[in-house]
Every structure is written in structure tokens, then in C-alpha cells.
Amino acid sequence: MCHRKRKLALLLAGILTLSACGAPVAETSVPPLATRPEAATPSPAPTPEPTHQPVEAKELWGFPIDDTHDAFEVPTGGKLGTVLVTVEMNEEEFISTVSVWDASDLTAPIQTMEEEGAAPHRRELLDANFDGYMDFTYIWASGAKNNDFGLYIWNEEEGRFLSGGNFLGHLEVDEEKKAVLNHSNGAGSSGTTEIFRWEDGKLSCVRQIEIHYPETKGENITQLLTVEEYVNGEWTEIGWETCGAETNIYDKASLWYDLDYRGEAPETLWGFPIDDTHDAFEVPTGGKLGTVLVTVELMDAEGTFFEEQHFSVWTSNDLINPLQTMTAEDVTCFKWKDIRDANFDGYIDFGYMFAMGNQPAYYHYWIWDEEQGLFVAEPEFDRISWPQFDEETGVISGWARSSCCSGIETYHCWEDGKLVCVRQIELHYPEHNEDGTFNQLATVEDRINGELTEVFREYCTNEKQSDTYPFEEVRKWYDLNYQGE
């Protein structure tokens, strides 16, 4: 109580801006979840009116309604019918006296309550506990984004209102689901939605949904949605999702307002998960085993920036014991695969990217061996950036740009079941001159007697670095049939 009084006093002084942080919560049978400073609400609360608005003097049931007095009727639906609630504010003490009156006796109230706050004339009638009797909320203070309000529940047996707790934000009642939602705004568009259920006559918070903006880099705003639920005596995270600014995260958050919603079913293939650390895809080998499944699990590698991938191959008739397993180390990519006949033998193989740069990208490839009924790694593919397959010529080309127009172009062919580089063209800028010109060097190497041997070299000076490279002679070597003049 003292904490709330100090908070509201600061608010009155104009020091405190109400937000999701530090919100009073209902008296519940479940311990409240700590609210994070960056927490946010999926449903922005209405813009509050100023704390003080001049009210033209009038009266109800003979009680005054002015700047420091309020009066309103509550049709309880019970034996006392409609009762009158009056509010008298002491602005100096920042305390209000709430009185409830029966029409049969206006000399003495049925009950009186003392509340912290002095922001009259803002209330809402609602059946907050779904018992058929009318209850009400009353706002005691308003901030830039949130309202501080109390909930008052009509107790037909006692013939009086009982406190349902104090809240910060905006209350919403879901009669169909028998739930009470409280939305509170945080910084920017962030905020929190708490979902309550009635348990033993008290409101218990059973789920909390928060939207945060943990990272802001330029225009790329990362939104974070977290959902926690009170399970077995402690708060447990049951949902977590990030998305960019282009996604309407409020629509995603609203799905969780339904307490029966437990999140979308995880994506699977053949019963194997596909998520942030798991991948799965089919490879129609075209051989005796038909279509097999390849699963990938991303593993952390301790003490290094790189990670490790574990591959397993499965057949449809045995999903307990994998057909084979493979491991790829020092990987920086995930979920980039290429399914094709990489060695042009009529059986389908697959590649999986392990590294990507500004331009280069490299794949590990595994070739289906029909005789063994297994995939066999071909390490030579690791040297080919963005491999391009020409089924007609059987040539696999690659281009790895290093800067501007420099880089390495490779040409590979299959010879006796092995992938070999038959030509390599390299363009680079080894020297920059004091006069602003720079030297360009082009070399061509061909496979001769099993080794790459230089067969062409051209060296020239270009006046402007932005000009296209001047090696017209080099272009001729893109044709593997060309062997020089």
C-alpha cells in the first residue's frame, strides 16, 4: 500500500510516467511474474485524459458531482438492485473515499473504502467475475500511456463490493473464455498482456505475453515475443519468437490470448523436427532404396566461432537406426541445400552449404553410390564457389570474387569417378602506383599431366580502377576448347 501511495504521489507531482514497469497487480493466489523494463503490450491502451478536467457542477441522488466529487449508479442485478457509488477526493493527501449507498437509506452508506489517487469521473461497469452481478473499475491516476485503476467485485451474499485488486493498464473481459486480460504499455510500442483466471474467488495470473524490441540497428527493428505460463508453481517460458519490423507481431501475440492455444505445431518431416537447430529434407536417389531422408543437427563447437553439423541418412523402413551418419566441421551456414545429380550418373546427390561470404559460397557435396547404397563425400567440391552444373558438357564452374573485378574462376570435370579442376582463371590487382594507376594481372592454369600448370599470363596498367577489366584475351579461355593462339 505504501509503495503504491508513494508511486501515485510522484505521479501527481508530474515525476512518474506510468508504464508497464512496476505495475500494481491484483491480489492473487499465484505469485506475480516480474515485469521486465522493456515489456510491451500487443494492444495499446487508450490515450488517457488529463488527470484533472473541470467538471460542471451537478448531482445524482442528491450527491454532488464536481471537480472533487463523483457519483454513478451500478445496477448490481442482485437483491439491492441499483446502488449508488460516490467518490470524494482529497487532492492534498491524494486519497479518495468511496461510499456505496442503497436507495432505501441515503443517510448512511452501505460501505466505505479509502483508495489512493484522485482522478475522478473515469469508470467502467462490467461483470468481471462472470457471476451475473455487475462490478466496476475506477481509475485513480493516469499516466502518459497507462491508467492506475482498481477493480471492485459485487458480492451478493455480503451485499457489498470487494476489492478485486489494483492494476496498471487497461482491463478486458473475455466472457467466452472466462478470462480477464490486462494490457499495459511500455516504451515505444512494447508492452505486456497478463491473463487472469478466477481461482477460489481471487484473480490469478496464469499467462504473460510480452513484446520487446531488444535490438535496433538502423531501420532493422527486431521484435521479440515471449510467452510465459505459471506451471507447477513457477513461471515457465512456453513460446518465443523473433521477427522483423515488417511483421505484425500483435497478430501473433493475440493468438496467445486464448489459453487453449499452445503455439503452432512444430514443423516436421518423417517425424523429425525442423527448427533453429534441426533440418530435414528428402533425396530421391533414383536407386534401389528410393527416396531417403537426410536430417541435419547444428551443434555448438566450444571455443570457436564455427559450429558443427551432424548428418544422418534414413530409410522409410527404419527410422530408429540411421543408414549412415556424417559430420561437417567449421560451418557458418545452415539450411542451404542443393539436391541434384552432381556427377551426372543418373542418381541424385545433395550438397549442403558450409560457408558464405560477400560473394563466395561453398558447399559440401555427397554423391550417391548405388553399389554401396550410401552417400560418399567429394571433398573437391569444397574448392568451388557457387557451383554451376552444365549437364550437356559435364562441366562444373565456379566463381569466387575477392574484390571489385578480381577473383578466381574454376572449371571442374569428372574423370574416372573423381572430380578434378581442369582450368583455373585468376584476376587480381597486385600493385597500386603512385600516379593513381594500378596494375592488373590475369593468369590461366590448365590441368596437364595431372597438375595445374600456368598456360597464360597477361599484365597491364589501367588508369581508372572503375573501368571494366581490359583482358579481352582472357575471355577466350572461358571456352574449355580454347588452348591459346
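# Reading features of a predicted structure

Me: The side chain of Asn185 reaches the backbone oxygen of Lys145 at 3.5 Å. In which strand is Asn185 found?

Reply: Please keep in mind that this is a predicted model. Asn185 is found in strand E11, which covers residues 179–185.

Me: Is Asn185 buried or exposed?

Reply: The value to read is the relative accessible area, and under 20% a residue counts as buried. Asn185 has a relative accessible area of 7%, so it is buried.

Me: What share of the contacts between residues at least 6 apart in sequence joins residues at least 24 apart?

Reply: The share is 41% in this protein chain. A single residue can illustrate contacts beyond the sequence neighbourhood. Leu106 lies in the loop between strand E5 (95–102) and strand E6 (111–116). Apart from its neighbours within four places in sequence, Leu106 is in contact with Trp61, Phe63 and Trp101.

Me: How far apart in space are Leu106 and Leu84, C-alpha to C-alpha?

Reply: They are 9.5 Å apart in space, while 22 residues separate them in sequence. Leu106 itself is partly exposed, with a relative accessible area of 37%.

Me: Several of the names above belong to aromatic residues. What describes a pair of aromatic rings?

Reply: Two values describe such a pair: the distance of the centres and the angle of the planes. This structure holds 31 aromatic pairs. One of them is formed by Phe456 and Trp477, with 5.8 Å from centre to centre and 40° between the planes, and this pair is tilted.

Me: Which parts does the pair of Phe456 and Trp477 tie together?

Reply: Phe456 lies in strand E31 (residues 451–462), and Trp477 lies in the segment after helix H3 (472–475), so the pair ties together parts that are 21 residues apart in sequence. Phe456 is buried at 14% relative accessible area, and Trp477 is buried as well, at 2%.

Me: Which residues do ring pairs link into a cluster?

Reply: The cluster consists of Trp336, Phe344, Tyr363, Tyr365, Phe381, Trp386, Phe389 and Trp414. Two of these names return in a surface feature: Trp336, Met356 and Trp386 form a nonpolar patch with about 290 Å² of accessible area together. Met356 belongs to strand E23 (residues 349–356), and its relative accessibility of 38% makes it partly exposed.

Me: I now turn to charged residues. How many salt bridges does the structure hold?

Reply: It holds 12 salt bridges. In one of these, the closest N and O atoms of Glu229 and Arg207 are 2.5 Å apart. Glu229 is in strand E14 (residues 220–231) and Arg207 is in strand E13 (residues 202–217), so the pair ties together parts that are 22 residues apart in sequence.

Me: Is Arg207 buried or exposed?

Reply: Arg207 counts as buried, at 0% relative accessibility. Another salt bridge joins Glu380 and Arg383, with 2.7 Å between the closest N and O atoms. There, Glu380 is buried at 18%, whereas Arg383 is partly exposed at 40%. Salt bridges may also share partners, as in the network of Lys177, Asp258 and Asp260.

Me: Where does Lys178 lie?

Reply: Lys178 lies in the loop between strand E10 (160–174) and E11. Asn449 is likewise in a loop, between strand E30 (438–448) and E31. The relative accessible area is 43% for Lys178, which is partly exposed, and 79% for Asn449, which is exposed.

How values were computed:
Residues numbered from 1 in each chain as written. Predicted model: local features only at pLDDT ≥ 70, side-chain atom pairs only at ≥ 80, totals over all residues. Heavy atoms only, no water. Contact = heavy atoms within 4.5 Å. Phe/Tyr/Trp six-rings, centres within 6.5 Å; stacked < 30°, edge-to-face > 60°. Helix = DSSP H or I, 4+ residues; strand = E, 2+ residues; numbered from the N terminus. Buried < 20%, exposed > 50% of the residue type's maximum accessible area, 1.4 Å probe, protein only. Patch = residues over 30% accessible without salt bridge, like charges linked within 9 Å, V, L, I, M, F, W, Y side chains within 5 Å. Areas by Shrake-Rupley, 256 points an atom, 1.4 Å probe, with all protein chains shown as cover. Salt bridge = Lys/Arg side-chain N within 4 Å of Asp/Glu carboxyl O. Polar contact = N/O pair within 3.5 Å; in protein donor to acceptor, adjacent residues only side chain to side chain.
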